[in-house]
Amino acid sequence: MRCPFCGVNDDKVIDSREVDAGGSIRRRRQCKKCGKRFTTYEHVEQTTRLMVIKRSGDRVPYDREKVLDGLQKACYKRPVSAEQLAAVVDAIDEDLFRLGVKEVESVDIGKRCIERLKRLDHVAFLRFASVYMRIENVDDLLEEMQDFRENAPPPVPPDQGNLF
Ligand SMILES: [Zn+2]
């Protein structure tokens, strides 16, 4: 970044922090030539901002924190690490941005979460699926469950001794 004081393009970043709830990064820089400090901001270019179409038809900017929050709730007290969840959200981010679309339905994001949770933890997967997909997608959910059963290891047979 060219120094606004002496015009030399040789600086070092001395501090970086997220501002605007992660929407921007603020960097403090110091010119190596004259030693003066200046600030730059890094934003996502507006044209690349992905919009999410909610069930209500409202559009809101895509927010990976919301996706992460939903996944964390589904994984409450389950053996899924924060790193695993961050990796899931990273992968979903990447998928969505690689699609190159400007809008995506929230249900589509939900399905991507379900697809990945299924490989991590079956309880979290079912919790997420039942909360997220709701009744309108019950067929999808049944299909997912069927799919899961087919791919899951056989369940431990319940102890039937107390039934009779
Ligand atoms: Zn300078």
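Two strands count as paired if DSSP finds at least two bridges between them. Strand 2 (residues 24-31) and strand 3 have seven such bridges and run antiparallel. The model is predicted.

**Overall make-up**
- The protein has six strands and five helices.
- Along the sequence the order is β-β-β-β-β-α-α-β-α-α-α.
- The protein has 164 residues, and 15% of them count as buried.
- Take the contacts between residues at least 6 apart in sequence: 44% of these join residues at least 24 apart.

- Three strands make an open sheet in the order 1-2-3, with antiparallel pairing.
- Strand 1 (11-19) and strand 3 are the edge strands; each has a single partner strand, so one side of each has no neighbour in the sheet.
- From one strand to the next, the twist averages 25 degrees.
- In a regular strand, side chains alternate between the two faces of the sheet.

**Strand 1 with strand 2**
- Eight bridges join strand 1 to strand 2.
- These two strands run antiparallel.
- Asp11 has Cys31, in strand 2, as its bridge partner.

**Strand 2 with strand 3**
- The strand 2 to strand 3 pairing is antiparallel and holds seven bridges.
- Arg28 has Thr39, in strand 3, as its bridge partner.
- Strand 2 and strand 3 form a hairpin with five residues between the strands.
- In that hairpin, Gly35 takes a positive phi near 80 degrees.

**Cover on strand 3**
- Strand 3 spans residues 37-43 and is hardly covered.
- Of its seven residues, the count of buried ones is zero.
- Strand 3 also stands at an edge of the sheet, with a single partner strand.

**Arg37**
- Arg37 lies in strand 3.
- Arg37 counts as partly exposed because it has 14 C-beta neighbours inside 10 Å. A residue is buried at 20 or more and exposed at 12 or fewer, so partly exposed is the class in between.
- Leaving out residues up to four places away in sequence, Arg37 touches Arg28, Arg29 and Gln30.
- Arg37 and Cys3 are 34 residues apart along the chain, and their C-alpha atoms are separated by 8.5 Å.

Conventions:
Residues are numbered from 1 along each chain as its sequence is written. This is a predicted model: local features need pLDDT of at least 70, side-chain atom pairs count only at pLDDT 80 or more; totals for chains, interfaces and linings use all residues. Helices (H or I, at least four residues) and strands (E, at least two) are DSSP runs, numbered from the N terminus. Two residues are in contact if their C-beta atoms, placed from the backbone, lie within 7 Å. Axes are lines fitted to C-alpha atoms, for helices over the stretch in contact, and angles run from 0 to 180 degrees between N-to-C directions.
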